[in-house]
Amino acid sequence: MSLRLGDIAPDFEAETTEGKIRFHDWLGTSWGVLFSHPKNYTPVCTTELGYTAKLKPEFDKRNVKAIGLSVDKLEDHHGWSKDIEETQGTALNFPLIADADKKVANLYDMIHPNASDTFTVRSVFVIDPNKKIRLSLTYPASTGRNFDEILRVIDSLQLTDHYKVATPVNWKQGEDVIIVPAIKDDDAKTLFPDGWKTLKSYLRIVPQPKS
Ligand code: BEZ
């Protein structure tokens, strides 16, 4: 059965470009982004890995560790890493799992046989410090993912874990948010003493609390 939001992310041991890891121990108290690549030495994947490496300061700011996966051998990962640095201008600065036996890919249902029997789709799992899956995305091999969007979702998750708010369409860090419908106006007065704007009884807009 496929993994669902709120499930515990399955633990595993794997060889990576930064040595052998046990996933849960490696995550420690951080958030995690586990994402798969169809195959080494492919153009879209090369751009995704370079861009993710550039985002490291943004991941660090949010206490997030990134980890990639492809169903190729470790020695191929090392060779490909050189190409990523050369063409994308940034060296890999996070581990890439060598999953040649597809153990992790199968555990996370990253192979969709009607898309390809052999390659993974572009899966993304955002995992919180309690090891729960908080976001899962599946993209086709031909479409590179938007890693700024993944950061945006992490911002929303981290904010909404701390405050009784939800984030509206296309929300970005610093923009107004929505008071969750379960909060009655009387309680909202305590939680948001500076007030809010009521567009409908269920649609109350408030400045973003400090995250
Ligand atoms: C790519 O990463 O460029 C790619 C991989 C598999 C199929 C199509 C594109």
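Visitor: Why does Arg134 count as partly exposed?

Guide: In this predicted model, Arg134 has a relative accessibility of 22%. Buried means under 20% and exposed means over 50%, with partly exposed in between, so Arg134 counts as partly exposed.

Visitor: What makes the pair of Arg134 and Asp161 a salt bridge?

Guide: The closest N and O atoms of Arg134 and Asp161 are 2.8 Å apart. A salt bridge requires a side-chain nitrogen of Lys or Arg within 4 Å of a carboxyl oxygen of Asp or Glu, and the pair is therefore called a salt bridge. It links distant parts of the chain, with Arg134 in strand 7 and Asp161 in helix 6, 27 residues apart.

Visitor: Why are Asp186 and Lys189 separated by about one helical turn?

Guide: The reason is that Asp186 and Lys189 are three residues apart in helix 7 (residues 185-191). Their closest N and O atoms are 3.5 Å apart, and the two form a salt bridge.

Visitor: How do you know whether Asp186 is buried or exposed?

Guide: The relative accessibility of Asp186 is 57%. Exposed means over 50%, so Asp186 counts as exposed.

Methods: Residues are numbered from 1 along each chain as its sequence is written. This is a predicted model: local features need pLDDT of at least 70, side-chain atom pairs count only at pLDDT 80 or more; totals for chains, interfaces and linings use all residues. Side-chain values use heavy atoms; hydrogens and water are left out. Helices (H or I, at least four residues) and strands (E, at least two) are DSSP runs, numbered from the N terminus. Buried means under 20% relative accessible area, exposed over 50%, partly exposed in between (1.4 Å probe, protein chains only).
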